[in-house]
Amino acid sequence: MSRFASLIGAVALMTVALTAPTAQATEPTPADSRSVAAAAPDGKLHAWEHPYRVGGHCAWSGANRNWDYPGPGCPALRNLASSVENRGYAGSYDDVNLYYGEDQSAAYACLGRGDMWLDLTLGRETFSHGWSWWDGYGESVNDNIASHSWTDSC
């Protein structure tokens, strides 16, 4: 095969690769929430009662052992949160473990710094860390968070 034919073949392959449709994971969202962007870091874990940052809201800069008692100005969100966002600062202890049980017990899910789970009702996020016999293991995170703590890695 000539160099010219090889070059044409390579260009043809690149054209196919560049024009081939790509699969993209899309999350269905309410029409008014399609452009939700990550907020600037403020060093806190944020949780809302409903998907897409709607409803009762609480934000913590430290750990909380029981979301029934979240702190001043916060509604009780134990087993009620359907949207969470980690706005932690970069550095050590910038990820958050979300626990199925109070007192940072039972199975947990880890939310990385800068990550947000806007619609937990979809059931994609589960308590997947811990032993399979721990309470909550494999359960949906939606409406099941009882406590949280900051950690150095997910």
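This report describes the strands, salt bridges and disulfides of a predicted model.

Local features are given where pLDDT is at least 70, and side-chain atom pairs count only at pLDDT 80 or more, while totals for chains, interfaces and linings use all residues. Residues are numbered from 1 along each chain as its sequence is written, and side-chain values use heavy atoms, with hydrogens and water left out.

**Sheets**

Helices (DSSP runs of H or I, at least four residues) and strands (DSSP runs of E, at least two) are numbered from the N terminus. Two strands pair if DSSP finds at least two bridges between them. In general, strands of a sheet pair through backbone hydrogen bonds, either parallel or antiparallel.

β3 and β6 run antiparallel and are joined by 2 bridges. Across this pair, Glu85 stands opposite Met116 in β6. Glu85 also takes part in the salt bridges described below.

Another open sheet has 3 strands in the order β5-β4-β7, and here too the pairing is antiparallel. Its edge strands, each pairing on one side only, are β5 (105-111) and β7 (147-151). From one strand to the next the twist averages 30°, where axes are lines fitted to C-alpha atoms (for helices over the stretch in contact) and angles run from 0 to 180 degrees between N-to-C directions. Strand β4 (residues 95-101) runs antiparallel to β7 and is joined to it by 5 bridges. Within this pairing, Asn97 has Ser149 in β7 opposite it.

**Salt bridges**

A salt bridge is taken as a side-chain nitrogen of Lys or Arg within 4 Å of a carboxyl oxygen of Asp or Glu. The count by this rule is 7. The table gives three of them, including two formed by Arg87.

| Arg87 | Asp42 | 3.9 Å |

The salt bridge of Arg87 with Asp42 links distant parts of the chain: Arg87 is in the loop between β3 (83-86) and β4, Asp42 is in the loop between α1 (3-19) and β1 (45-50), and the two are 45 residues apart. Accessibility is classed as buried (under 20% relative accessible area), exposed (over 50%) or partly exposed (in between), with a 1.4 Å probe and protein chains only. Arg87 is buried, with a relative accessible area of 14%, whereas Asp42 is partly exposed at 26%.

Arg113 counts as partly exposed, at 39% relative accessibility. Asp94 is buried, with a relative accessible area of 10%.

**Disulfides**

A disulfide is a covalent bond between the sulfur atoms of two cysteines. It is assigned here to a pair of cysteine sulfur atoms within 2.5 Å. The whole structure holds 2 disulfides. With the bonded cysteines numbered in sequence order, the pairing is 1-2, 3-4.

Cys58 and Cys74 are joined with an S to S distance of 2.1 Å. The torsion about their S-S bond is about 80°, so this disulfide is right-handed. Cys58 lies in strand β2 and Cys74 in the loop between β2 and β3, so the bond ties together parts 16 residues apart in sequence. Cys58 counts as buried, at 0% relative accessibility.

Cys110 and Cys154 form a disulfide with an S to S distance of 2.0 Å. It is left-handed, because the torsion about the S-S bond of Cys110 and Cys154 is about -75°. The pair links distant parts of the chain, 44 residues apart: Cys110 is in strand β5 and Cys154 in the segment after β7. Cys110 is buried, with a relative accessible area of 11%, while Cys154 is exposed, at 54%.
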